[in-house]
Amino acid sequence: MRKNELDVRHRALGSDLGGGAYNDMAVPWTYATDPSDEVAATRNRIGLFDVSAVHTARVTGPDAARIVDHLVSCDCLSMAPGTAQVGSELDDAGAIVDDIIVQRDAEDVFRLCHGGGATPANLLTSAEGRNVQVRWDDELNILAVQGPRTRAALQPHCSLDLSRLKWFDHAEVKLFGRDVRIFLGGFTGEYGVEIYCRSADALHIWDATVDAGSAHGLTAGSWTALNALRIESGLLFYPLDMPEGDTTPWEVGMGWTISGNGEYRGKKAVLAAKGKERFKHGGIWVKHKAAVEPGAQILLNGQEAGIVTSPSYSQHLMQSIALAHLQPAAQPIGTAIQVRNPDGSLFDGNVVRCPFYDPMRVRVSGGS
């Protein structure tokens, strides 16, 4: 198991760090506080999340750009230092095998933040015989500070004017007296930043953020709350939202990550798959007082018409919601459906617009 310097803070907040690890790191699935209250605090004020379990690889050297461009489907060669992109990582058949954010730190330095998929093996394969170094940064912690009061809480302690950063920009700064990298982004659908710091500085940065955010109503958020936030905001998570194993970017609304440039793995196959989608990623609401189950069947006139991928009961929206894969007949907004849990329980519902929360993505540009 990977060590996390912040475990002592998670235990103090009531987490037993059980419930399963992510990327070989124990994560705080719950605290003593109600996850719905943590969601509300993030939506209305400011939330603090430890997302250090996300893997981060550094790719450096003269061939770094070519290696990353071979690994990921977005146009990595055209990225300017200090910017980032979301890319689809594909197999040879054009199916998604990991979710990945590519950050370019310098002309020959890239940082790859990825989930629990095929990146480690694929990256090493892409790097074979190239003038490049690949290193997984296990001495790194990532703290996500999210919500409309983020900038107000952090700006007095940051060497950079945070209002200068555009979405997905990142920069090396001094924060609370320590050297960190600030990335404008997150997994909540709110304005926020991710703070990349040395593990030796993690406790200092956490505690200083809690102190700075106390006047703004900061609440520490568990991974259960983070998952609820991302579902409300329609954000995908590999592999939960790609359960078929051969899901293409076109089928989950990620066609915008596919570049016509570069020679990335699976390029020919994924371009040939466009227009051949078997289903479409979308959203449903369910007449139920709880979340339905992942893998629940979506029925249209008694016939299977899709599958639930990421369900949640949103106290914020006062609604049972779910991300889903919908076959063509069930895709029109407003379509009346039924959802059948694996235990056979059956609930009425409708296909609705997704994301459920802030469909115009106005919130991510906010921050006071």
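View 1. A disulfide is a pair of cysteine sulfur atoms within 2.5 Å. By this rule the count is zero disulfides. The model is predicted: local features need pLDDT of at least 70, side-chain atom pairs count only at pLDDT 80 or more, and totals for chains, interfaces and linings use all residues. Residues are numbered from 1 along each chain as its sequence is written, and side-chain values use heavy atoms, with hydrogens and water left out.

**View 2. Cover over C158 and C354.** C158 is buried, at 12% relative accessibility. C354 is partly exposed, at 31% relative accessible area. Buried means under 20% relative accessible area, exposed over 50%, partly exposed in between (1.4 Å probe, protein chains only).

**View 3. Strand β17 and its cover.** Strand β17 spans residues 319–326. Seven of its eight residues are buried. Strands (E, at least two residues) and helices (H or I, at least four) are DSSP runs, numbered from the N terminus.

**View 4. β17 beside β14.** Strand β14 (residues 280–286) pairs with β17 in the antiparallel sense, over seven bridges. Two strands pair if DSSP finds at least two bridges between them. G283 has L323 of β17 as its bridge partner.

View 5. Strand β16 (residues 303–314) and β17 are antiparallel, paired over eight bridges. V308 has its bridge partner in β17, at A324.
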